[in-house]
Amino acid sequence: MKLSNSKLGIAVCCASALLLLAGCGMPRRHSELECMERAMYFESNQSSRDGMIAVGSVVMNRVESGQYPRSVCGVVAQKRQFAPGVMTRKMKPSPKLTEAARSVMRGERHPMIGNAMFFHHAGSRFSYDNMHYVLVAGGNAFYEKRKNYLVTQPYPPQPLEGITRR
């Protein structure tokens, strides 16, 4: 049996619709809390509460900035901004992780993050002259991008932990 182009197109369309309805091939939508957990899990590796709260604070700074997507999931899912596979890899949430994510979603911020919207692994070094460092926690160095003449902390400070203890 040979199908005409129009019938083949309709058949492909119907098959695609059925797959969509069945949930096949479609990534599962995450809640805002799950997206926050994912950012914390893959970026701070659950190293410390301070590190997780700092990562969450950066996510929320981006959400509130108007320069990035206006949702936690939108920010976390941006390409090349967070760990590869942050939205798709398997993870094992812990009570510590869930508590930290809920706290950030309810308004807690790391008190030393300020307006920082960026971070990198604390062991990495870059030659840019616009990175104003505000904190090292949980294995990450957090910074603001500023005009070079406004940078007063061009190097990551000593790691600081225990600020957000509950």
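Predicted model: local features only at pLDDT ≥ 70, side-chain atom pairs only at ≥ 80, totals over all residues.
The chain comprises five helices and three strands, arranged from the N terminus in the order α-α-α-α-α-β-β-β. Of its 166 residues, 40% count as buried. The accessible surface of the chain amounts to about 10200 Å², and carbon and sulfur atoms contribute 55% of this area. Among contacts in the chain with a separation of 6 or more, 57% are made by residues 24 or more positions apart.

Helix 5 spans residues 95-105, and its buried residues are L97, T98, A100, A101, S103 and V104. These buried residues pack against helix 2 (32-44) and helix 3 (49-65). Just after helix 5, G107 adopts a positive phi of about 120 degrees.

A pair of aromatic rings is described by the distance of the centres and the angle of the planes. Six aromatic pairs were identified in the model. The ring centres of Y41 and F42 lie 4.8 Å apart; because planes over 60 degrees apart count as edge-to-face, the angle of 80 degrees places this pair in that class. Y41 is buried, with a relative accessible area of 16%, and F42 is likewise buried, at 14%. The rings of F126 and Y128 have their centres 6.2 Å apart and their planes at 15 degrees, so this pair is stacked, the limit for stacking being under 30 degrees. F126 is partly exposed, with a relative accessible area of 43%, whereas Y128 is exposed, at 59%.

One aromatic cluster is formed by F82, F119 and F142.

Key:
Residues numbered from 1 in each chain as written. Heavy atoms only, no water. Buried < 20%, exposed > 50% of the residue type's maximum accessible area, 1.4 Å probe, protein only. Helix = DSSP H or I, 4+ residues; strand = E, 2+ residues; numbered from the N terminus. Contact = heavy atoms within 4.5 Å. Areas by Shrake-Rupley, 256 points an atom, 1.4 Å probe, with all protein chains shown as cover. Phe/Tyr/Trp six-rings, centres within 6.5 Å; stacked < 30°, edge-to-face > 60°.
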